[in-house]
Amino acid sequence: MPVPIRARRRDEEHRAATPLELFFDLCFVVAIAQAGRQLADALTEGHPGHGLAGYLMLFFAIWWAWMNFSWFSSAYDTDDPLYRVVTLVQMAGVLILAAGVPRAFESDFTLVWCGFVVMRLAMVTQWLRAAYGSRGPERRTALSYALGVTVCQVGWLGLLLLPKPAVPLVFVLVGALELAVPGLAERGWQTSWHARHIAERYGLFTIIVLGETIAAATLAVQSALDAHDAPGRLLPIAGGGLLLVFAAYWIYFAVPIHRHLRTNRQAFLWGYGHYLVFGSAAAIGAGIEVAVRESVGRADLSAYGAAACVTVPGALFLSTVWLIHSRHHKRGTAEQLVLPVSALLVLACTFAGRAAVPAAGLVAAATVATGVHLTSRQDTAPAE
């Protein structure tokens, strides 16, 4: 007989991420690195449309599988042997997906589909365990999740069976169905995710993505230095990229977002919006790699095009973090305008050409300094 799992309480004290969850997150680094590398190659070769389309689709698969596990574990993590084994199976699926990323950029989705199905069907077994251990509306919610996820995996077969021109349509339609499953499943009963725990999980994944960005940029600079010995051109890009990533970390963790996550609607909008937060953060690393290659004459695009590969995802990160994350804790017009104005200034740095990355880094650093100053001024202002 299967061992049932019970929902955890939303008000559980001292709830924190587990070592298994951290191990799970680290497996995603491989897939993110592969997607970023393929994006950088496509942009360097002058194929931005192909590169961005492939990156957006593959990052969706990575992000969606991670997000579904994270919210389930927030509600039902029992950390018993069967739960661990099923989670390890999901990790294997991540690695299969990562191995298939280069082929997927050439429109061969076989390995990516296999890896995604392994992750998602393992998730179905977790929902069936949750249904076995529950009754009434909670049971119906768990069964609805299991059914919805299964139907979506059948839909993804279109990537393998339909002609290549149909791939974007399959992605849009089945992706929309995947996004609809949680809202439909939780209409009658809401899973007991833990606000502080889920905020910590997203924060830890943000750190992992930013860490992968630094790693990708460092390897690109190292490779270019070994091949061309041009520190005068490369070190400003490295310094500007580092400032941009450090500022991204500071800005993201400047607010205690768990206080905002009080309802499913707030949590869903915040959680879904992180597709752009994570995707843009990872794309910054790919953009820095492109800027490095262009600076030593190894890219088939202009200096302005290479600059845009950094400034566009940088601006997208700042604006999205403000929209779904930071603005809920900003006080006053001045504080609310800091990140939107900064995003526009980072975007404007594109016109600096090869100086764009250090310029964007300085803008990001100034953004942090301005935010700290405004916050401290608000904190020390006398109460009226």
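## A tour of α2, its partner helix and the spaces around them

Helix α2 gives the most to the lining of the second largest cavity, with four residues. The model is predicted, so local features need pLDDT of at least 70 and side-chain atom pairs count only at pLDDT 80 or more, whereas totals for chains, interfaces and linings use all residues. Residues are numbered from 1 along each chain as its sequence is written, and side-chain values use heavy atoms, with hydrogens and water left out.

**Stop 1: the second largest cavity**

Select M57, L58, F60, A61, F109, V112, W113, F116, W156, L159 and F171, which line this cavity. A cavity is, on a 1 Å grid over the protein atoms alone, a set of points where a 1.4 Å probe fits but cannot get out, and lining residues have an atom within 4 Å of a point. The elements that give two or more residues to this lining are α2 and α4; helices here are DSSP runs of H or I with at least four residues, numbered from the N terminus. The volume of the second largest cavity is about 150 Å³, a volume being the space filled by probe spheres set on the points, with grid points joined across faces, edges and corners. Its lining comprises 11 nonpolar, no polar and no charged residues. In this classification Ala, Val, Leu, Ile, Met, Phe, Trp, Tyr, Cys and Pro are nonpolar, Asp, Glu, Lys and Arg are charged, and the others, Gly among them, are polar.

**Stop 2: the largest cavity**

The whole structure holds five cavities of 30 Å³ or more, and the largest has a volume of about 190 Å³. Select W71, Y145, P182, E186 and F268, the closest to its centre among the 17 lining residues. Two or more residues of the lining come from each of α2, α4 (110–132) and α10. Helix α2 again gives the most, with six residues. By class, the lining of the largest cavity has 13 nonpolar, three polar and one charged residue.

**Stop 3: α2 against α10**

Next, display residues 48–76 (α2) and residues 264–295 (α10), which pack at an angle of about 135 degrees with their axes 10 Å apart. Axes are lines fitted to C-alpha atoms, for helices over the stretch in contact, and angles run from 0 to 180 degrees between N-to-C directions. The angle makes α2 oblique to α10, because angles under 35 degrees count as roughly parallel, over 145 as roughly antiparallel, 65 to 115 as roughly perpendicular and the rest as oblique.

To see the contact (heavy atoms within 4.5 Å), select Y55, L56, F59, F60, W63, W64, W66, M67 and W71 of α2, together with A267, W270, G271, Y272, H274, Y275, F278, G279, A282 and A283 of α10. This contact has 16 nonpolar, three polar and no charged residues.

**Stop 4: the largest pocket**

A pocket is an open set of points with protein on both sides within 12 Å along at least five of seven lines. The largest pocket holds about 420 Å³ of space. Select L39, L52, A283, V312 and P313, the closest to its centre of the 21 lining residues. Helices α1 (19–44), α2, α10 and α11 (303–326) each supply at least two residues of this lining, and α10 provides the largest share, seven residues. The lining of the largest pocket divides into 17 nonpolar, four polar and no charged residues.
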